[in-house]
Amino acid sequence: MSTQTVNRVLSIQSHVVHGHVGNKSAVFPLQVLGFEVDPINSVQFSNHTGYQKGFKGQVLNEKELAEVYSGLVDNDLHKLYTHLLTGYVGNPKFLREIANILKSLRAVNEKLVYVCDPVMGDDGIMYVPKELLPIYRDEIVPLADIITPNQYEVELLTGKPIKSEKDIWEAVQWFHEKGVGTVAISSSELGSKDTLLAFVSKRVTAGTERFRLAIPKQGNNIIRFTGTGDLFASLFLAHSTLTNFDMGATLERVIASLQAVITKTLSFIPEEVLLGKVAVTSQQRELKLVQSKGDIENPKITLRCEHV
């Protein structure tokens with residue numbers, strides 16, 4: 001009897017009871033695409049931190065993380081993982097414990113793929129303690145197989161502003177020199193006023209394979225969605241595996257699903273909000289993931305990559 005390879009992801013990210021960020025944005029899409037997912041929740045909050053009346057909940061500390069992981073080790077369950085996915089982390093010791101877990105996972109599966117979403121900020125605002133930056137830069141990034149920062153996170157990690165596409169490719173090279181095999185920049189403001197640009201670079205024997213994809217902005221530039229970066233990272237993990245690391249096809253599939261989810265989410269938002277007459281609420285900005293199941297399962301590709 002043949003044994004089928006099962007893709008199993010250990011996903012260490014935040015958790016919200018209501019809404020879709022962190023593991024709530026990552027687990028469902030991965031499962032829909034056929035991946036087993038075992039989530040460890042770095043926090044458990046009632047809702048994401050952007051809600052007007054705040055949030056309540058608990059934060060997992062590094063000792064509790066180590067304890068949960070040790071239970072997996074005791075039962076030899078850590079040997080089952082093909083991927084590690086990490087997202088939002090709010091404390092330096094917790095981030096260092098993730099590095100310990102990764103080393104343990106690689107000790108029993110040298111082919112394990114680590115996808116790191118270095119969640120630190122967006123739009124010029126850093127929303128994690130500044131102490132995390134050097135740990136990501138010097139300790140975590142060199143361990144990653146795939147990294148999925150946004151433009152601001154690239155600037156934080158490399159210490160250089162991104163003003164042009166030349167800057168992007170120089171930054172990508174910085175990651176490659178740190179040891180990262182694939183760099184996927186989920187969004188940048190280098191497009192026109194109506195488009196974002198996403199970039200992917202993969203190290204190959206002859207150098208690097210590079211792709212660029214222009215993404216039309218949706219929501220009249222009024223609405224900023226939460227959880228899209230977490231969704232991007234999980235979809236990138238899935239499709240890079242399913243396409244056997246064809247990065248052009250991966251980026252096209254990821255963006256197709258993301259755009260479909262945003263379109264679906266917008267369809268639930270009242271017209272007066274979309275026209276800018278009434279302010280959008282945090283609840284209205286929550287991604288409609290379940291309603292987009294079909295588009296996640298079978299992305300309809302309309303936007304094509306350019307090979308750079």
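The structure holds zero disulfides, a disulfide being a pair of cysteine sulfur atoms within 2.5 Å. Before going on, this is a predicted model, where local features need pLDDT of at least 70, side-chain atom pairs count only at pLDDT 80 or more, and totals for chains, interfaces and linings use all residues. Residues are numbered from 1 along each chain as its sequence is written, and side-chain values use heavy atoms, without hydrogens and water.

Cys 116 has 0% relative accessibility and so counts as buried, meaning under 20% relative accessible area with a 1.4 Å probe, protein chains only. Cys 305, at 17%, also counts as buried.

Next, Ala 26. This residue is found in helix α1, residues 23–32; helices here are DSSP runs of H or I, at least four residues, numbered from the N terminus. Ala 26 is buried, because its relative accessibility is 0%. Leaving out residues up to four places away in sequence, Ala 26 touches Gln 13, Leu 85, Asp 230 and Ser 234, where contact means heavy atoms within 4.5 Å.

Last, a helix pair. The axes of α7 (residues 228–242) and α8 (residues 247–267) come within 9 Å and cross at roughly 140°. Axes are lines fitted to C-alpha atoms over the stretch in contact, and angles run from 0 to 180 degrees between N-to-C directions. The residues making the contact include Leu 231 and Phe 232 of α7 and Leu 251 and Val 254 of α8.

Note on methods
Helix = DSSP H or I, 4+ residues; strand = E, 2+ residues; numbered from the N terminus. Buried < 20%, exposed > 50% of the residue type's maximum accessible area, 1.4 Å probe, protein only.
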